[in-house]
Amino acid sequence: MAGKLVLVGAGPGDPELLTFKAARAISRGDVILKDRLVPDEIIKEHAPEDAEVIDVGKKPGGEGWTQEEINELIVREGSKGKTVVRVKSGDPLIFGRGAEEIEVALKHGMDVEVVPGVTSAIGVPTSLGLPLTHRKCASSFAVATGHEDPSKPENRVDFGALAEAADTLVVLMGARRLREIAREILEKRGNEPVAILERGTTEQERVKVGTLEDAAEGKLKARPPAVVVVGEVVKWWREVLGRETR
Ligand SMILES: C[S@@+](CC[C@H](N)C(=O)[O-])C[C@H]1O[C@@H](n2cnc3c(N)ncnc32)[C@H](O)[C@@H]1O
């Protein structure tokens with residue numbers, strides 16, 4: 001009998017942002033596959049003692065597991081009738097390759113359940129009181145990745161078009177390409193404020209505020225994992241909550 005794949009979102013980092021449903025799903029797993037950004041405390045607290053826990057973000061002495069290796073592991077454990085709980089940071093279906101894992105599990109006859117999580121795209125800024133919408137200055141927001149699958153030559157995110165379409169821009173995985181992304185947005189929007197939120201909701205959280213020009217010139221940098229927020233909401237946040245670099 002084929003087992004079950006449960007995709008669980010663990011939230012952005014603070015273990016208290018795990019949902020009750022996510023905690024219960026982890027407590028029912030036979031095999032727990034955890035990503036690098038998922039805090040160890042969450043697994044320690046909720047995984048059953050006899051569950052096999054595999055940190056697929058790490059391999060002894062090297063890089064993490066490849067997506068193909070993770071897919072194979074899901075299918076192998078599923079074929080033993082096990083419940084495989086795949087714990088991902090944030091929400092499991094936002095830039096987490098969760099969709100590919102659903103496909104592979106279904107193809108092999110496994111049941112699939114998805115437990116949503118608080119995505120870093122929203123939870124990291126809002127936990128700091130930084131709104132993504134504001135009645136006076138932001139009626140829409142867009143979330144994009146700054147780092148696409150390198151095997152997709154054509155589908156690069158058009159940051160210029162996004163800058164024209166949405167008031168607030170939220171970029172995940174954009175730390176390494178920040179200069180380039182900032183230049184593209186700057187061209188369409190002029191010099192707007194930028195907030196860089198590194199390791200949000202954790203004890204290592206770091207917040208930096210500057211402008212698109214600063215970022216385009218390399219004076220404002222981001223270290224991953226970071227959420228980058230661009231728009232007038234950052235100005236509001238700075239003025240009303242007095243947020244500064246710290
Ligand atoms: C592979 S994506 C996964 C996103 C995740 N599924 C979500 O919904 O938050 C990883 C990226 O999420 C962002 N991220 C995740 N946790 C974060 C945190 N605590 N602080 C800042 N950025 C975070 C970073 O941009 C990081 O590079």
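**Figure 1. Phenylalanine 95 in the loop between strand 4 and helix 4.** In this predicted model, phenylalanine 95 sits in the loop that runs between strand 4 (83–88) and helix 4 (98–107). Its phi is near 45°, a positive value in a residue other than glycine. Most residues other than glycine have a negative phi. The relative accessibility of phenylalanine 95 is 40%, so the residue counts as partly exposed, the range for this class being between 20% and 50%.

**Figure 2. Helix 4 and its cover.** Helix 4 has the buried residues Gly98, Glu101, Ile102, Val104 and Ala105. What covers these buried residues includes strand 1 (4–9), helix 3 (67–78), strand 4 and strand 5 (111–115). Just after helix 4 comes glycine 109, with a positive phi of about 80°.

**Figure 3. Arginine 199 in the loop between strand 8 and strand 9.** The loop shown lies between strand 8 (193–198) and strand 9 (206–211), and arginine 199 is found in it. Although arginine 199 is not a glycine, its phi is positive, at about 45°. Arginine 199 has 35% relative accessibility and therefore counts as partly exposed.

**Figure 4. The cis peptide bond from proline 224 to proline 225.** Omega of this bond is near 0°. Most peptide bonds are trans. Proline 225 belongs to the loop between helix 8 (212–216) and strand 10 (226–230).

**Figure 5. The chain that holds these sites.** The chain contains nine helices and ten strands. Along the principal axes, its C-alpha atoms fill a box of roughly 60 × 40 × 40 Å. Of the 246 residues, 48% are buried. Among contacts in the chain with a separation of 6 or more, 69% are between residues 24 or more positions apart.

Conventions:
Residues numbered from 1 in each chain as written. Predicted model: local features only at pLDDT ≥ 70, side-chain atom pairs only at ≥ 80, totals over all residues. Heavy atoms only, no water. Helix = DSSP H or I, 4+ residues; strand = E, 2+ residues; numbered from the N terminus. Buried < 20%, exposed > 50% of the residue type's maximum accessible area, 1.4 Å probe, protein only. Contact = heavy atoms within 4.5 Å.
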